[in-house]
Amino acid sequence: MTLSVSIPGLAELRLEHLLVDVNGTLTNRGELLDGVEARLGRLSNALDIRLVSADTFGTLETIAAGMSVSAVRASTGEDKLRMLDELGRERCAVIGNGSNDALVLEAAAVGFAIIGPEGASAAALRSADVVCASTADALDLLLDPKALSATLRR
C-alpha cells in the first residue's frame, strides 16, 4: 500500500505508514472524535495505520481494536522516534498534538500538528509541516493528495 503525493519542485512523497497519536489527536479526554474512524477506515486502503500513544486515559487498546488497527504504547518522543525509524522516516506521515510528538512530526516525511479540543503544544506546532484545526482536516488532506500537495508546496 502506498499513497503518492506529487509536490512540484520537490521529490514525490511515497507514504506507506500513518502514525497517529491518540490523546488530544484522535480523542478528546479519552473519547473518540466524530468522523475520524470513518476517515481512517478509508485511508487504511492506502496506508498502514498505527496508533502510537502514551495512553494517558487507558483507551488505546479499545480504540485500536474498534478500528482494527495496530497500537503501540510509546511514552516519550524518543520512543515514538524509534518506531518511526523502524518504519522509515521517508515513508511515514505523522499526526499529533503533544510535546512528545514534536520529534516525530519533524522527522517524518510529513507531519501534521493538530489544534484540537485539547489544544496543541508549541513544540508540536513548530515541528510540523502542516498545522490543522482538527484531525478530520488532516485526514481529509491525506485523502486528497492534490490538496495536500498544494499545502506542502513551498
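Analyst: Asp48 counts as partly exposed because its relative accessibility is 22%; buried here means under 20% relative accessible area and exposed over 50%, with partly exposed in between (1.4 Å probe, protein chains only). The model is a predicted one, so local features need pLDDT of at least 70 and side-chain atom pairs count only at pLDDT 80 or more, while totals for chains, interfaces and linings use all residues. Residues are numbered from 1 along each chain as its sequence is written, and side-chain values use heavy atoms, leaving out hydrogens and water.

Asp48 has a salt-bridge partner in Arg50, at 2.6 Å from N to O. The rule wants a side-chain nitrogen of Lys or Arg within 4 Å of a carboxyl oxygen of Asp or Glu, and by that rule the count comes to eleven. Arg50 is partly exposed as well, at 24% relative accessibility.

Now follow the chain. Strand E6 covers 48–53 and helix H2 covers 60–67, with Thr59 in the loop between them; helices (H or I, at least four residues) and strands (E, at least two) are DSSP runs, numbered from the N terminus. Thr59 is buried at 16% relative accessibility. Beyond its neighbours within four places in sequence, Thr59 is in contact (heavy atoms within 4.5 Å) with Val22 and Gly30.

E6 runs parallel to strand E7 (residues 70–73), and four bridges join the two; DSSP has to find at least two bridges for strands to pair. One of the links is between Val52 and its partner Val72 in E7. The chain gets from E6 to E7 through H2, and this β-α-β crossover is right-handed: with the strands pointing away from the viewer, the path from the first strand over the helix to the second runs clockwise.

There's a salt bridge across this unit too: Glu61 and Arg73, with their closest N and O atoms 3.6 Å apart. That pair links distant parts of the chain, since Glu61 sits in H2 and Arg73 in E7, twelve residues apart. Glu61 is partly exposed at 43%, whereas Arg73 is exposed at 52%.

For contrast, take Asp101 and Lys80, whose side chains meet at 2.4 Å, N to O. Asp101 is buried, with a relative accessible area of 2%, and Lys80 is buried at 3%.
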